[in-house]
Amino acid sequence: MSEIPIYDPEVLVSLIGDDQPLIEEYKKEFVKQCVPTLRGIAAAFNKNENTEVKDQAHYLKTSAKAIGAMRCAARLQKIEDCALSDDRVSLKQHITLLQNDIRDVKKEFIK
Amino acid sequence: MSYEKQTIPVRYDQKDETICLLFSYHGNLLSDVPTDTSHPIYQALNLQLENSVDANLLSDLIGYENFEKLRQASWNFGKPCSIPPCFIEHYGNWDISCYPTKLNDTASILVNFTPSSITTGTQLKNSFQIAADATGIGVWDIRFIDDPRSLTESECFTNLLDNHFIFFSQVAKQILGIEINKPITWRTIWDRIHPDDQVTFEQFFTANIFYDIRLNFDCRIADMQNQYKWYTIRGQTLTDQSGLLLRMSGSLIECTEQKEMIHSVVEAENTKKLALEASGIGVWTGNLDSGYWQWDNNVKRIMNIESASVGKLQDWTQYIHPDDFIELKKGLNQAIAELGQLSVEVRVKDKTRQYKYVHIKGNVTTDVISKVNRIDGICHDTTAHRIAEKRMSELNEALEKTVKKRTMELIQARDLAESGSMAKSNFLAMMSHEIRTPMNGVIGALDLVENTPLNAEQNDLIETAKTSALNLVDILNDILDLNKIEAGKMELEFIPVSISATVDNVINMFTAISESKNVELRLEEDNALPDWVNTDPVRLRQILINFISNAVKFSSTNNEKKGIVSVTAKVDQQHSLGQQKSIVFTVSDNGIGMDKKTVERLFTPFTQAEASTTRKYGGTGLGLAICARLCEMLGGQIEVQSEVGEGSTFTIRLPLWETSHDSDLSAIFGVNVAIIGALEENKVQWLKTRLEQLNADVSIVSNITNDTLSDYEMIILLATGQNESEIDKELSDLPVTEAQKIVLVCPRQFKQSLWAKHPSIQILANNPLTRYSLEKINMKDTQVITENTPHHTEKIVNKAVDKTPIAENLTNSPSTILLVEDNPLNQKLLLKQLSVIGYSADVASDGEIGLQLFSENQYKIVFTDCHMPKMDGYTLSKNIRAFEKEHNTAPVPIIAITGAAMTGDKEKCIESGMSDFLSKPIETHKLKEMVEKWHERNSDL
Amino acid sequence: MTVKSALASRHPQVLLIHDRELESGAAVIISQHMEDFRAFKAGDDSIKAVKEYQPKILLLEMNSVKDSIQYYVSLVKEHNLLTHPHQVVLLCTNKEAGLAYAVCAKGTFYDYFVSRPIYEKFRLKSILNNLSKLLAIQEDATQINDTYVNALDGDINSLVDEVNSFQENIKNQIDNCRSVLVNQGNHSGGEDIEEVLSPLISQIEDEVHKSLANFLDNLGKQKLSNIKHKKNLSKSVSSECKFIKDIPDDGNIELPQASSGAEAEDDMPTDDMLLEAADDNLEAEKLLADNVLLGDEGVIEKKSPKKIMVVEDNHIYRDMIKKILIGHKYEVIEASNGMEAIKQLNKHKLDLVLMDLFMPELDGLNTTKQFRKHSGKKDLPILALTGNKNKDLVVKWVSSGINGYIMKPSSKEKIIQAVEEALDKIKKN
């Protein structure tokens with residue numbers, strides 16, 4: 001997982017162009033989106049609802065990819081897979097790690 | 001092949017006249033021979049060399065036969081050898097010996113030539129000589145010059161000795177150990193004869209000469225090493241026609257071996273005789289052909305045979321007991337028939353008419369043609385042996401008897417002890433049951449009274465009574481516990497336990513009482529504490545409760561200082577390794593303290609600091625003893641530090657293994673949290689760390705402006721206000737929206753009232769703030785945070801416990817509950833409790849009636865006491881289950897009402913088919929919970 | 001015993017002479033195995049038969065081995081028969097197997113077979129096969145009902161393939177050795193080895209080629225059937241599907257031209273390329289170079305802006321796409337799930353739909369199906385937005401009515417390109 005870059009700014013540029021303020025806005029939006037999604041995933045996990053976990057992860061994965069938060073996207077993919085295979089132990093680990101990945105992206109955004 | 005002639009030094013020992021020459025294996029002369037010499041051999045060789053150099057000179061010299069003999073003998077046997085003196089023509093007799101050797105790796109012979117010592121005497125070439133030589137018989141021959149008989153005997157003998165016209169054959173000399181070449185006389189030999197035998201020697205010789213008595217005697221002669229050897233000397237004089245003594249010749253043979261053999265045989269014989277005599281064993285033999293029997297003196301003595309009689313079997317057996325005689329005969333015949341052995345014990349009447357025991361053994365053997373003809377044997381007196389045997393067995397029997405008796409005694413003692421122990425356990429169990437039953441009644445009744453309208457004073461009294469009753473039950477439990485531990489019957493569970501939850505639970509037990517005593521309760525929990533450890537939760541709690549209880553008990557607040565009880569739970573990283581963590585709990589107080597002597601006695605049962613302590617402070621005095629034991633069982637240690645007047649600190653170290661526990665993610669996972677306000681010291685940082693451990697995103701906000709809080713989903717307000725209204729204001733002043741969740745941390749006493757005003761917030765008590773309470777923070781809308789409270793210390797909660805009736809099911813409709821209980825008081829109580837929660841029940845006073853009622857009616861729950869006359873609870877349960885199986889009905893929940901809550905009981909309940917259990921004393925709310933749990937569903941067995 | 005006279009040949013090359021009143025099981029087996037066979041009881045008929053047919057393979061099944069030999073001797077000596085090249089197979093009882101073996105070991109007869117009782121009929125067949133090869137009897141005479149040879153099952157086939165590949169390996173190794181030898185110039189032994197090796201090598205090569213030929217044959221046949229299948233599949237897709245150009249144009253999947261039977265087929269249609277490209281490289285990166293834009297921006301100007309519906313649950317992404325589209329003068333209708341999309345469907349006259357496939361509730365696939373069901377919407381182009389590379393799914397999409405896809409998150413250019421192409425195709429048709 002560590003070989004995947006945390007944030008690739010080129011992705012956004014290739015999607016919406018070099019509109020800096022717009023880019024900033026999207027970054028903010030993404031960060032905002034992360035919060036409830038992360039909690040949603042955690043809550044779904046606690047209720048043992050694997051489909052919900054998967055759906056939430058998939059949802060965030062879309063924007064993560066669009067934003068260029070590559071590691072988050074990869075992590076979310078892993079979460080999806082674990083939810084599918086009902087691997088609760090790994091799922092818990094990945095969800096916890098997702099929190100770190102999001103924090104890392106936030107840091108990258110600020111740079 | 002050609003040999004190069006080499007110059008070999010010739011040994012020519014002139015003194016002995018022996019020369020040594022080297023010849024090849026083929027008889028060629030290899031040594032150089034001096035030409036001008038008078039030595040006959042050399043001359044002979046030189047002569048021959050003139051004829052041919054390469055001829056087999058050796059053979060020519062000594063004759064082919066001799067040469068072959070020499071060569072074969074030496075080379076075949078690989079050792080030196082000699083041949084009898086041979087005659088070399090013109091040169092006389094020579095003794096020849098040779099050694100096999102190698103010269104430049106070629107075989108050769110070293111030949112010694114010695115002039116044969118026949119200076120005087122006849123040359124004996126006859127076959128006798130040869131034969132004698134061959135058989136190791138030495139030959140001697142003396143020539144008499146004058147007739148020896150003309151002299152006196154002694155003179156004659158002297159002459160004989162010195163007569164040097166004597167021939168001794170080589171063999172004779174050899175066997176005497178004398179050098180062959182040395183000329184000897186009888187004197188030479190005489191000097192070496194054993195002094196004792198010299199007499200014999202002289203006698204025989206003179207006797208033979210003078211009286212013609214055959215010369216044949218043995219004597220000892222010393223050899224070169226001065227060892228005596230035996231020789232047989234034989235001889236005879238020879239006369240001519242006129243009767244003149246000419247010569248005397250004879251033989252000389254070594255007979256040491258034979259002599260020695262004879263000696264040893266004789267020795268053996270003697271030894272045997274002596275042994276037999278000493279042992280008293282008699283030897284007998286019988287010739288079956290001739291019917292001739294022989295026996296020795298011993299036999300005679302044993303068998304009481306008269307000396308004169310010998311030869312017949314009857315003589316031998318005349319004094320044998322008639323019965324035994326038959327046996328003996330039988331044995332004999334059998335032995336003879338089977339060519340086997342005879343072995344019988346017979347009684348023989350001795351001279352004093354006493355019977356003695358004799359053992360007769362024999363062996364039958366055959367002669368050369370396998371005809372059975374003889375029997376040899378022994379007999380010996382075994383009387384003494386018999387007596388000894390008898391004594392021995394008597395002794396053994398006596399010994400065994402004693403051992404048996406002893407064993408019986410020991411078994412009895414053991415049984416007694418066991419029954420004593422069992423009696424004690426039974427007594428305790430019974431006692432616990434007997435005490436609990438009325439206690440149950442008391443507590444139940446008090447419980448019910450609480451629900452009636454009471455004034456404050458009555459309430460207070462009831463509370464006191466209830467507390468006392470519950471305390472008594474506690475004491476009882478303690479006693480049972482200690483007893484169990486001492487008896488080694490305490491079993492520990494090992495399940496995943498949350499330390500924070502346990503600490504929280506225990507602390508909450510003491511919040512009320514410490515508040516009422518105005519004692520501050522402080523708590524410090526390390527964030528490094530493992531989430532889950534494997535241990536016995538009940539015992540861990542017990543230990544903590546005991547220590548904290550004591551601390552609280554012995555603390556107080558007065559004018560000078562405020563009573564403080566502080567509890568910490570930390571991880572000792574240095575003593576932890578991997579998953580094994582060393583957890584250290586400390587409980588300190590600033591109370592009365594203890595002196596050294598007290599500290600030492602502290603953990604012994606029924607010891608309290610002072611006799612007066614019990615009166616003043618209450619307690620069983622067992623708590624610490626139990627704790628110490630429990631701690632030991634958990635592998636931990638307790639340390640005490642105390643100073644009179646200053647306070648005490650108890651440190652409990654426990655090794656606890658961290659374990660993983662499949663648990664959910666935190667309820668505040670990923671939540672954005674802001675902490676506002678202050679706590680003492682670095683508690684705020686601690687709080688932040690803990691929340692982050694729970695995966696929240698935490699920020700400490702020091703300066704509240706309207707904006708900064710909007711990003712956060714949850715705000716934790718650490719109230720600093722000193723009273724309710726101040727805190728209320730802090731709350732209201734918070735710039736938060738409806739969507740944001742608020743958690744308030746404030747002193748416990750304000751909880752209720754603040755909650756009433758702000759029903760949607762979560763409130764955590766901060767006196768003290770437990771780690772576990774933080775886990776309870778969640779993002780739910782309905783705020784229901786209840787603290788873990790035990791039954792008898794939280795007044796408030798007790799009141800709030802829901803006792804509202806579950807159903808409006810009263811006596812008109814048939815009861816759906818069956819109650820089986822023999823004690824009338826308990827019956828009444830339970831019925832009342834059930835009616836309070838809205839149920840009626842049918843009552844059976846023992847198991848039999850209960851079973852009958854069950855079979856006649858439909859019930860949804862059965863409550864049954866465990867210990868009843870006729871049919872007890874377990875049996876009833878089994879019967880009910882069997883009944884259900886027979887009638888194929890769904891199983892009905894059976895709840896056991898147990899008095900003695902010992903570990904084994906639980907299993908017993910489950911085994912007999914029960915679904916759940918309640919232990920006495922039963923409180924109404926517990927009963928309600930149980931009914932709620934089981935009434936509307938069938939038990940899943 | 002009767003032989004199926006319908007099948008009995010006039011000049012049977014294989015003759016069985018027996019001494020039995022009862023049926024000879026062997027005769028039955030042989031008659032099933034080959035046409036060119038007759039059986040006779042020893043007697044005048046049999047002798048006549050031998051004279052007339054001059055069989056190349058003679059089977060003797062007398063009561064005893066001795067009898068068989070005697071009979072044979074009599075045939076030759078007394079009747080002066082069997083003067084042509086032929087081989088004899090001795091049929092005997094189990095008891096006499098040893099004797100028969102000894103007789104054959106001496107070279108008297110070609111081989112023996114225990115026909116009473118018959119343990120292994122395949123053994124007999126095998127003997128006959130070998131003899132046939134030996135005597136160059138025509139193949140069709142011996143292989144009518146030999147279903148066994150043709151019916152090697154799958155496992156065997158793969159094993160056979162394995163063996164053939166081993167042979168291939170060996171061949172390669174030998175080649176290597178050869179070249180190594182040549183390079184080393186090991187004079188003293190090299191040429192000798194070469195001489196010895198070459199015929200061996202060529203022999204192995206022949207064998208390898210033969211088996212490979214078979215293998216290739218099969219592959220060719222498979223390819224044909226696959227192509228046919230694909231053709232059928234592609235026919236079910238509407239012709240509008242043939243415009244996706246962001247798929248790399250490399251239909252160069254190597255299949256060795258098999259020996260026979262390769263039909264002259266149509267050039268593979270572009271939807272085939274779609275699927276194959278999906279096999280190889282689903283990276284949307286291999287688009288045509290930027291300088292080759294198929295849709296001319298600004299050239300084709302419609303009177304009213306095209307309406308595109310974006311169905312995507314993640315609002316950030318949806319917003320991005322919306323901005324991109326709006327930036328290129330498209331009108332955008334948004335929907336955040338399938339239900340909404342269906343509702344919007346009827347409200348607006350849509351020119352194109354961009355749809356996320358994996359959404360909660362009604363997912364993209366089912367929504368598409370719903371779309372297609374609605375009247376007259378068969379020509380509405382639907383492009384899938386997906387993060388999935390699974391080729392099975394791609395097939396599924398195509399069969400549900402999706403016209404193309406865009407890999408998330410893609411890029412501005414690609415999205416516009418795809419959109420324009422889709423719209424162009426509609427225009428063309």
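Colleague: How many helices and strands are there in chain C?
Modeller: Chain C has 14 helices and 10 strands. Both are DSSP runs numbered from the N terminus, with helices being H or I of at least four residues and strands E of at least two. Before we go on: this is a predicted model, in which local features need pLDDT of at least 70 and side-chain atom pairs count only at pLDDT 80 or more, while totals for chains, interfaces and linings use all residues. Residues are numbered from 1 along each chain as its sequence is written, and chains are lettered from A and ligands numbered from 1 in the order in which they are written.

Colleague: Thanks! What percentage of chain C counts as buried?
Modeller: Of its 429 residues, 28% are buried. Here buried means that 20 or more other C-beta atoms lie within 10 Å of the residue's own, exposed means 12 or fewer, and partly exposed is in between, with C-beta atoms placed from the backbone. As for contacts in chain C with a separation of 6 or more, 66% join residues 24 or more positions apart. Two residues are in contact if their C-beta atoms, placed from the backbone, lie within 7 Å.

Colleague: Where does UniProt place "modified residue: 4-aspartylphosphate" in chain C?
Modeller: At C:Asp356, according to an unreviewed UniProt entry. UniProt positions are given in the numbering used here, feature names are shortened, and such annotations may be inferred rather than shown by experiment. C:Asp356 sits in strand S8 (residues 352–356) of chain C.

Colleague: Is C:Asp356 buried or exposed?
Modeller: C:Asp356 counts as buried because it has 29 C-beta neighbours inside 10 Å.

Colleague: And which residue of chain B has that UniProt annotation?
Modeller: B:Asp865, again from an unreviewed UniProt entry. B:Asp865 lies in strand S30 (residues 861–865) of chain B. B:Asp865 is buried too, since 27 other C-beta atoms lie within 10 Å.

Colleague: What does B:Asp865 touch?
Modeller: Leaving out residues up to four places away in sequence, B:Asp865 touches B:Val820, B:Glu821, B:Asp822, B:Gly873 and B:Ile897.

Colleague: Switching topic: how many residues are in the largest nonpolar core?
Modeller: The largest nonpolar core has 101 residues. A core is a set of buried Ala, Val, Leu, Ile, Met, Phe, Trp, Tyr and Cys residues joined through C-beta atoms within 7 Å. Residues with the most contacts inside this one include A:Ile41, A:Ile79, B:Val673 and C:Leu354. Helix H2 (residues 20–46) of chain A gives the most to this core, with nine residues. Apart from it there is another core, of 40 residues, among them B:Leu540 and B:Cys627.

Colleague: What is A:Ile41 in contact with?
Modeller: Beyond its neighbours within four places in sequence, A:Ile41 contacts A:Val53, A:Gln56, A:Ala57, A:Ile79 and A:Ile95.

Colleague: How many residues does the contact take from chain C and from chain A?
Modeller: It takes 14 from chain C and 17 from chain A. Helix H10 (residues 315–327) of chain C supplies the largest share of the chain C side, five residues. By class, that side has seven nonpolar, three polar and four charged residues. In this scheme Ala, Val, Leu, Ile, Met, Phe, Trp, Tyr, Cys and Pro are nonpolar, Asp, Glu, Lys and Arg are charged, and the others, Gly among them, are polar.

Colleague: What about chain B with chain A, how many residues from each?
Modeller: Seven come from chain B and 10 from chain A. The chain B side divides into three nonpolar, three polar and one charged.

Colleague: One more: how far does helix H14 of chain B reach?
Modeller: H14 (residues 456–486) has 31 residues and spans 44 Å from first C-alpha to last, close to the 45 Å expected at 1.5 Å a residue. That expected span is 1.5 Å times one less than the number of residues.

Colleague: Which helices do the buried residues of H14(B) pack against?
Modeller: They pack against helix H13 (383–451) and helix H19 (623–633) of chain B. Those buried residues include B:Ala469, B:Leu470 and B:Val473. After H14(B) comes B:Gly488, which has a positive phi near 70°.
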